[in-house]
Amino acid sequence: QVQLVESGGGLVQPGGSLRLSCAASGSIFRLNAGGWYRQAVGKERELVASISSVGRTNYADSVKGRFTISRDNAKNTVYLQMNNLKPEDTALYYCNADVLRAWATPQANYWGQGTQVTVSS
């Protein structure tokens with residue numbers, strides 16, 4: 001079994017910062033592409049940031065310059081550093097990753113359970 005465990009969410013004031021972590025555990029050979037999505041109440045889930053297996057990153061326009069995605073391959077972990085948070089960043093944040101469970105096998109995609117980020121004064 002493979003599990004993505006998220007942490008770091010919480011309540012912050014506008015302008016504050018949070019760092020989200022997504023650690024993959026279980027039967028894992030390699031963590032390939034990873035990303036963070038978010039879904040606000042009444043809205044569709046959207047891609048916030050992604051990072052490829054070789055470190056290429058992409059960001060939603062709404063978070064460029066404020067959020068940074070990174071990874072630690074040794075720890076099978078993907079991070080999302082969120083700075084200058086705004087009320088519109090309030091959402092349930094989900095980790096997503098492509099995982100190789102064994103060498104020379106097809107990758108599988110996994111989702112975390114989500115961690116709540118609330119930005120409010």
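Student: How many salt bridges are counted, and by what rule?

Tutor: The count comes to four salt bridges, a salt bridge being a side-chain nitrogen of Lys or Arg within 4 Å of a carboxyl oxygen of Asp or Glu. This is a predicted model, in which local features need pLDDT of at least 70 and side-chain atom pairs count only at pLDDT 80 or more, whereas totals for chains, interfaces and linings use all residues. Residues are numbered from 1 along each chain as its sequence is written, and side-chain values use heavy atoms, with hydrogens and water left out.

Student: What makes D89 and R38 a salt bridge?

Tutor: Their side chains meet at 2.9 Å, N to O, and the limit is 4 Å, so the pair qualifies. D89 lies in the loop between strand 8 and strand 9 (91–100) and R38 in strand 4, 51 residues apart; strands here are DSSP runs of E of at least two residues, numbered from the N terminus.

Student: Why is D89 called buried, and why R38?

Tutor: Buried means under 20% relative accessible area, exposed over 50%, and partly exposed in between (1.4 Å probe, protein chains only). D89 has a relative accessible area of 0%, and is therefore buried; R38, at 6%, also counts as buried.

Student: Which other residue has its side chain in a salt bridge with that of R66?

Tutor: The side chains of R66 and D89 meet at 2.8 Å, N to O. R66 lies in the loop between strand 6 (57–59) and strand 7, so the pair ties together parts that are 23 residues apart in sequence. Both R66 and D89 are buried. Salt bridges that share partners join R38, E46, R66 and D89 into one network.

Student: Is D61 buried or exposed?

Tutor: At 65% relative accessibility, D61 counts as exposed, because the value is over 50%. Its side chain meets that of K64 in a salt bridge of 3.1 Å, N to O.

Note on methods: Helices (H or I, at least four residues) and strands (E, at least two) are DSSP runs, numbered from the N terminus.
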